[in-house]
Amino acid sequence: MERMKGGATLVVGALNHELGYGLIADLAARGERLIVLGRMNEAKEAEAIRHTIGGGIDLIYGDPSAIDFGLSGSEYRALWSETSAVHWFIESYAPGAVDVRAKKAAEECLEFASNATGLERITVWSSALASGRSEGVLKEEAFDRRGRRSMSSGIYEADCVFADALRDFPITVIRTGSAVLAPQLGTRSILNGAGVLILYLLARRSEPILMMPGRADAFLN
């Protein structure tokens, strides 16, 4: 497929996120120029994605939480000039433990954005878990900034970094409610949270059917 002219879309953190493959496939299908930043230990998954999609993706390897993404000076400056859009996935590195890398990665993203003069937008893929809640209704309002020590602390800290920068950068924060499964990128059709619902419906037998709420602010029965 012929790629669109203009700036490239930088995708970060997708190789470690269940929604990542679907996003890369969709952007590639639209003909966008893609640069996917991954770590060296994700090279196998990255190559599998490029093979499945059929090319048209530039792969670079570094560390999103390191200074200059762990890239050489020339590589980093090239990203400044080439990137017009960023899709940034907030990663949860170690469930059950506090990890500062997600927050540091968010700060590095903003540092990159401050130098990328052609950057038009940043889409941040966060999680409903950033609220620190696992039930009830989540509304789009400022989070309680009191310190916490939970499995979602890293996501929360990174989310807050991006939320604080909304006035200074063209950022859109998406807090997904999808259930995240073990990534098997590039090897299967990913259903994300719908897969969990389908498995439940198939296993429920004669149990009462699952009732879905009719309003976006209603509880899930």
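Setting aside neighbours up to four places away in sequence ("within four places"), Glu108 is in contact with Pro64, Ser65, Ala66, Ile67, Asp68, Phe69 and Tyr76, where contact means heavy atoms within 4.5 Å. Welcome to a predicted model, in which local features need pLDDT of at least 70 and side-chain atom pairs count only at pLDDT 80 or more, while totals for chains, interfaces and linings use all residues. Residues are numbered from 1 along each chain as its sequence is written, and side-chain values use heavy atoms, with hydrogens and water left out.

**The chain as a whole**

- The chain has six helices and six strands; helices (H or I, at least four residues) and strands (E, at least two) are DSSP runs, numbered from the N terminus.
- Read from the N terminus, the elements follow the order β-α-β-α-β-α-β-α-β-α-β-α.
- Of the 221 residues in the chain, 41% are buried; buried means under 20% relative accessible area, exposed means over 50%, and partly exposed lies in between (1.4 Å probe, protein chains only).
- The chain has an accessible surface of about 12500 Å², and carbon and sulfur atoms hold 53% of it; the areas come from the Shrake-Rupley method with a 1.4 Å probe, and for residues only the protein chains shown count as cover.
- Taking the contacts between residues at least 6 apart in sequence, 69% join residues at least 24 apart.

- Glu108 belongs to helix 4 and, with a relative accessibility of 8%, counts as buried.
- Between the C-alpha atoms of Glu108 and Asp68 there are 7.1 Å in space, although the two residues are 40 apart in sequence.
- Asp68 sits in the loop between strand 3 (57–61) and helix 3, and it is partly exposed at 28% relative accessible area.
- The phi angle of Asp68 is near 55°, which is a positive value in a residue other than glycine.
- Phe69 is in the loop between strand 3 and helix 3 as well, and its phi, near 60°, is again a positive value in a residue other than glycine.
- Is Phe69 buried or exposed? Its relative accessibility is 0%, so Phe69 counts as buried.

**Helix 3 meets helix 4**

- The axes of helix 3 (residues 73–82) and helix 4 come within 9 Å and cross at roughly 65°; axes are lines fitted to C-alpha atoms, for helices over the stretch in contact, and angles run from 0 to 180 degrees between N-to-C directions.
- The crossing of helix 3 past helix 4 is right-handed, a term used if the near helix is turned clockwise from the far one by less than a right angle, with anticlockwise giving left-handed.
- Tyr76, Leu79 and Trp80 make the contact from helix 3, while Glu108, Glu111, Phe112 and Asn115 make it from helix 4.

- The ends of helix 5 (residues 153–164) fit its length: at 1.5 Å a residue, its 12 residues should span 16 Å, and the end C-alpha atoms are 16 Å apart, which agrees; the expected span is 1.5 Å times one less than the number of residues.
- Helix 5 is mostly covered, with nine of its 12 residues buried.
- The buried residues are Ser153, Gly154, Ile155, Tyr156, Ala158, Asp159, Cys160, Val161 and Phe162.
- Which elements do the buried residues of helix 5 pack against? They pack against strand 4 (83–89), helix 4 (101–115), strand 5 (121–127) and strand 6 (171–176).

**Cysteines**

- Cys160 lies in helix 5 and counts as buried at 6% relative accessibility.
- Cys109 has a relative accessible area of 2%, so Cys109 is buried.
- How many disulfides does the structure hold? The count is zero, taking a disulfide as a pair of cysteine sulfur atoms within 2.5 Å.

- Thr123 is part of strand 5, and at 12% relative accessibility Thr123 counts as buried.
- Not counting residues up to four places away in sequence, Thr123 touches Val86, His87, Trp88, Thr172 and Ile174.
- Leu129 is in the loop between strand 5 and helix 5, and its relative accessible area of 39% makes it partly exposed.
- Leu129 and Arg175 are 46 residues apart along the chain, and their C-alpha atoms are separated by 8.2 Å.
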